[in-house]
Amino acid sequence: MTRSFYPPVRTLMGPGPSDVSPRVLSALARPTIGHLDPLFVDLMDEIKALLQYAFQTSNELTLPVSAPGSAGMEACFVNLVSPGDTVIVCQNGVFGGRMKENVERCGATAIMVEDHWGEPVSLDKVAAAFHSHPQANLLAFVHAETSTGVRYPVKEVSSIVKNYPNTICVIDGITGVGVFELPMDEWGIDILVAGSQKAFMLPPGLAFAGVSDKAWEMNKTSKMPRFYFNWTKELTNLKKNQTNFTPAISLIVGLRESLRMMREDGLEKIYKRAEILARATREGAIALGLQPFAKNPSPAVTAIYAPEGIDGQAIYKSLWKKYGVTGAGGQDHLKGKIFRIATLGYADKYDVVTAIAALEFTLKDLGHKFQMGAGVGRALEILQEL
């Protein structure tokens, strides 16, 4: 028998997808129009300006890509890297490793700057990598490593690139853009990638890329074959407020609404709220006898050690199966050792209270000893700042 699909309502506190606001959901349900419709052309003009605001850039090539965030990152590499190039890649988590894979699939050499997972990248190691490989075309790293909840010192790392005029700075900002500070132009970032399902309060399906003039010049010399992810064609169409292929029209209509919400709030207010939500999450966990994983924590994702003797996977699975809160487990060698709670996009103080309360119930179920209510109480103290 064929039945309609009605998913349950969950509190989405994992590192994507995040909750979608009712205002955006309403926009997504509006009638579909064609991508060549004059109304859509006008819509793209507004979206370009709003995306530039979110990215804090004046770059002409700041565009939505109808594909998930990982595809947006792949698009950057195939438009910039040529076989035989040298690319310095920083890794202290899963997504730095995916950058390495992208580089190598392009036939380039990845020079790895590796740090312990959960620790920020070492500036001395980055400087040493450039000293040993001054011919490097790109430096690539992650703004906020989703797998560990660590925050990169972006301003300091990107400033190293300024000493190498033939090198561009490529940042995976998929989890961090719209959560904490990342002024693209001011900090000299050449490529910045984000995704719809994180801070942008949309379902998955769109990536966003900001491309500097310097990166655009490198794109012209890339020898990688590309068809769908062809920035030369994209820019030609973007100047006409069109897209290279049929885009995800309904998602772009929803994007307009989410970007307008971000503009109405203002980035400073958004960043402050995210910091408070994340601190309330960390402090709430500490009050339960738990320990945060990251040394320099990101306000986007909080990674937390599982208590001794308790599987981190069991914690996150119980959160959503029994209590309706979607978090995440650990990845790679951290599987079972940590769990993660994100405070992205449409998340608010009530979501944090719900998540910490659900965590308390879950830990009690799994046999962890603590004072019930301690985590929620500590979180509430911090959330009064909002």
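The protein has 13 helices and 14 strands; helices (H or I, at least four residues) and strands (E, at least two) are DSSP runs, numbered from the N terminus. This is a predicted model, in which local features need pLDDT of at least 70, side-chain atom pairs count only at pLDDT 80 or more, and totals for chains, interfaces and linings use all residues. Residues are numbered from 1 along each chain as its sequence is written, and side-chain values use heavy atoms, with hydrogens and water left out.

**Whole chain**

For 386 residues a compact globule would have a radius of gyration near 21 Å, and the 21 Å of the protein agrees with that. The radius is taken over C-alpha atoms, and the globule rule is 2.2 Å times the number of residues to the power 0.38.

Next, colour by burial: 58% of the 386 residues count as buried. Buried means under 20% relative accessible area, exposed over 50%, and partly exposed in between (1.4 Å probe, protein chains only). The accessible surface comes to about 16300 Å², with 52% of it belonging to carbon and sulfur atoms. Accessible areas come from the Shrake-Rupley method with a 1.4 Å probe; for residues, only the protein chains shown count as cover. Of the contacts with a separation of 6 or more, 72% are between residues 24 or more positions apart, where contact means heavy atoms within 4.5 Å.

**The sheet of 7 strands**

Select the open sheet with the order E2-E10-E9-E8-E5-E3-E4, whose pairing is mixed. Two strands pair if DSSP finds at least two bridges between them. At the edges are E2 (61–65) and E4 (109–114), each of which pairs on one side only. From one strand to the next the twist averages 15°.

Zoom in on E3 (residues 86–91), which pairs with E4 in the parallel sense over 6 bridges. Gln 91 has Glu 114 in E4 as its bridge partner.

Axes are lines fitted to C-alpha atoms, for helices over the stretch in contact, and angles run from 0 to 180 degrees between N-to-C directions.

In the loop between E9 and E10, pick Met 201. Met 201 is not a glycine, yet has a positive phi of about 60°. Met 201 is buried, with a relative accessible area of 6%.

**Helix H4**

Select residues 94–105: the 12 residues of H4 should span 16 Å at 1.5 Å a residue, and the end C-alpha atoms are 17 Å apart, which agrees. The expected span of a helix is 1.5 Å times one less than its number of residues. Buried residues in H4 include Phe 95, Met 99 and Val 103. Packed against the buried residues of H4 are H3 (69–80), E3, E4, E5 (138–142), E6 (144–145) and E8 (168–172). Just after H4 comes Gly 107, with a positive phi of about 80°.

**Helix H10**

Move to residues 267–287, where H10 has 21 residues and reaches 30 Å from its first C-alpha to its last, close to the 30 Å expected. Among the buried residues of H10 are Leu 267, Ile 270, Tyr 271 and Arg 282. Their cover includes H2, H9 (249–265), E11 (301–305), E14 (338–342), H12 (349–365) and H13 (374–383). Gly 289 follows H10 and has a positive phi, near 85°.

**The sheet of 3 strands**

Select the open sheet E11-E14-E13, which has antiparallel pairing. Its edge strands are E11 and E13 (328–329). E11 is joined to E14 by 5 bridges, and Ile 304 stands opposite Phe 339 in E14. Show H11 (residues 312–323) as well: H11 lies across E13 and E14, at about 35° to E14.

The loop between E13 and E14 holds Asp 332, another stop for phi, with a positive value near 60°. Asp 332 is exposed, with a relative accessible area of 59%.

**Last selections**

Thr 362 is in helix H12 and is buried, with a relative accessible area of 0%. Not counting residues up to four places away in sequence, Thr 362 touches Ile 315, Ser 318, Leu 319 and Tyr 323.

Finish at the loop between E1 (11–12) and H1 (22–28), where Pro 17 lies. The peptide bond joining Gly 16 and Pro 17 is cis, with omega about 0°.
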